[in-house]
Amino acid sequence: HAADAHRTDLMTITRHVLNEQSKHPESKGDFTILLSHIVLGCKFVCSAVNKVLLFLFPSTIASPIAISTSIPPCLFSQAGLAKLIGLAGETNGEEQKKLDVLSNQVFVKALISSGRTCVLVSEEDEEATFVDPSLRGKYCVVFDPLDGSSNIDCGVSIGTIFGIYMVKDKDNVSLDDVLQPGKHMVAAGYCMYGSPCTLVLSTGNGVNGFTLDPSLGEFILTHPDIKIPKRGKLYSVNEGNAKNWDTPTAKFVEKCKFPKDGSSPKSLRYIGSMVADVHRTLLYGGIFLYPADKQSPNGKLRVLYEVFPMSFLMEQAGGQAFTGEQRALDLVPTKIHQRSPVFLGSYDDVEEIKALYAAEE
Ligand code: AHG
Ligand code: MN
Ligand code: MN
Ligand code: MN
C-alpha cells in the first residue's frame, strides 16, 4: 500500500496539548495559545540558526569576497557557509551576540503577543518585563532565548530553554511571581536546534519529545513519555575547571573514571550547550554537572531559566536534580539572574553525588 509509507495520523504538539487539556474541563485554552506562541518562536529561531549568516550579515558576507550588487543568490549561500565554518577570514564575536539578541526579540514579541503572559524574565534582559495590562494574561515565562551561544560559530547544537509559572493575581503582579521555587512551575521545556530540531516539554505530567517536520512546519510527537535510565554510563562536565572544584565534585568525577566497586568507568561527553548535554543525558542516561568552584562559588548556570526548567524535566522523567545542598526545585531564588550549582540526571547517579555531599557535613 502506498499509504503504508506515510504516517497519516500525526500527533502534533498542539493536538497533544489539547488532549491533555481536555482532562481539565475548567481550562479555557490559554496554555495552548501560550505554547503555540512559544512554538512559533522556536521555529523562527530554528530557521534563523540554519541560515545564520545570510540572515544577519549580508554586508560582512559581501566584503571578503568583494561581490557586486548583482551577485546571484547561490553565491550568497556559499559565502555564508564559508564564513559559518570559519573559512572566510576574520572571525566574529559579534555573530553570537546578534543571534542572542535576535532570539530574545523573537521570544519577547511572541510571548507578549500571545496575550497570555504578564511577567517575562530573559537571560538577555537585565530587568524583568512587565506586560502592558491591555495584553496581560496569567502566565509568567522565564527563558534563555539562545543557550550554548559559544557553539554557534561551529554549527554545534544550541537551544532555547523555558519555564512557566502561573501568576497569583493578574491585577497585582510583581517580581515575587517569578521568584518562586522551581517546583511551582506549571510547565518547562527546551527546544534544541540540532539535527533535527527537537522540542521537549513537560506540563507536570511526564515528559514528551516532539520533532520538527520542516516540510509540515509542525512538531510531531516522536518521543512519548520519556523516562531517563535509572543509571547511566556517561558523565558530562567541564573538566577544565577541576583545579577549583570542591571535594565532593572531585571525588565524584574520580569515581566516574576509577570506579572502586568493579563497575566500568563512565564515558565523558561534554558539548558545552546545556540544552544538548541535558538532552543526551535525558535520552541515554547519566549525569550532567555544572558544579561550584573556587572561582564561581555558585557555578555558572542560572536558576530561573537554566537550572529550574531542566530540573523539572529531569524529575518528570524519573531522574533527579541537586544543587549540592538541596533538591534543585526547592531552591527559592531571590534574584532573577541568580546562579546555582547543579547536578542532574539518572536517579542513581545523582544519589551518588548527594551521598558525597552528605558525607562532607
Ligand atoms: P548561554 O549560551 O545561554 O550563555 O549558556 C551557556 C552555558 C550552557 O549552555 C553551558 O552548559 C555552559 O554555558 C557551558 O559553560 P562552560 O563553557 O564554562 O563549560
Ligand atoms: Mn544558557
Ligand atoms: Mn543564552
Ligand atoms: Mn549568555
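This is a short tour of a predicted model, stop by stop.

**Stop 1: the sheet.** Select the strands from β1 to β8. These 8 strands form an open sheet. Read across it and the order is β2-β1-β3-β4-β5-β6-β7-β8, with mixed pairing. Now find the edges: β2 (129–130) and β8 (218–223). Each has a single partner strand, so one side of each has no neighbour in the sheet.

**Stop 2: one pair of strands.** Select residues 158–166, strand β4, and residues 187–193, strand β5. The two run antiparallel and are joined by 7 bridges. Strands of a sheet pair through backbone hydrogen bonds, either parallel or antiparallel. Click on Phe162, then look in β5 for its bridge partner, Gly189.

**Stop 3: a helix on the sheet.** Select residues 303–316, helix α9. Which strands does α9 touch? It packs on the sheet, touching β1 (117–122), β3 (136–147), β4, β5 and β6 (197–202). Compare directions: α9 makes about 80° with β4.

**Stop 4: the ligand.** Select ligand 1. Around it are Glu123, Asp144, Asp147, Gly148, Ser149, Asn238, Gly272, Ser273, Met274 and Lys300.

**Stop 5: a loop residue.** Select Lys243, in the loop between β9 (234–236) and α7 (247–257). Is Lys243 buried or exposed? Count the other C-beta atoms within 10 Å: there are 10, so Lys243 is exposed, since 12 or fewer counts as exposed.

Methods:
Residues numbered from 1 in each chain as written. Chains lettered and ligands numbered in written order. Predicted model: local features only at pLDDT ≥ 70, side-chain atom pairs only at ≥ 80, totals over all residues. Helix = DSSP H or I, 4+ residues; strand = E, 2+ residues; numbered from the N terminus. Buried ≥ 20, exposed ≤ 12 C-beta atoms within 10 Å, placed from the backbone. Near = placed C-beta within 6 Å. Pairing = 2+ DSSP bridges. Contact = placed C-beta atoms within 7 Å. Axes fitted to C-alpha atoms, helices over the stretch in contact; angles between N-to-C directions.
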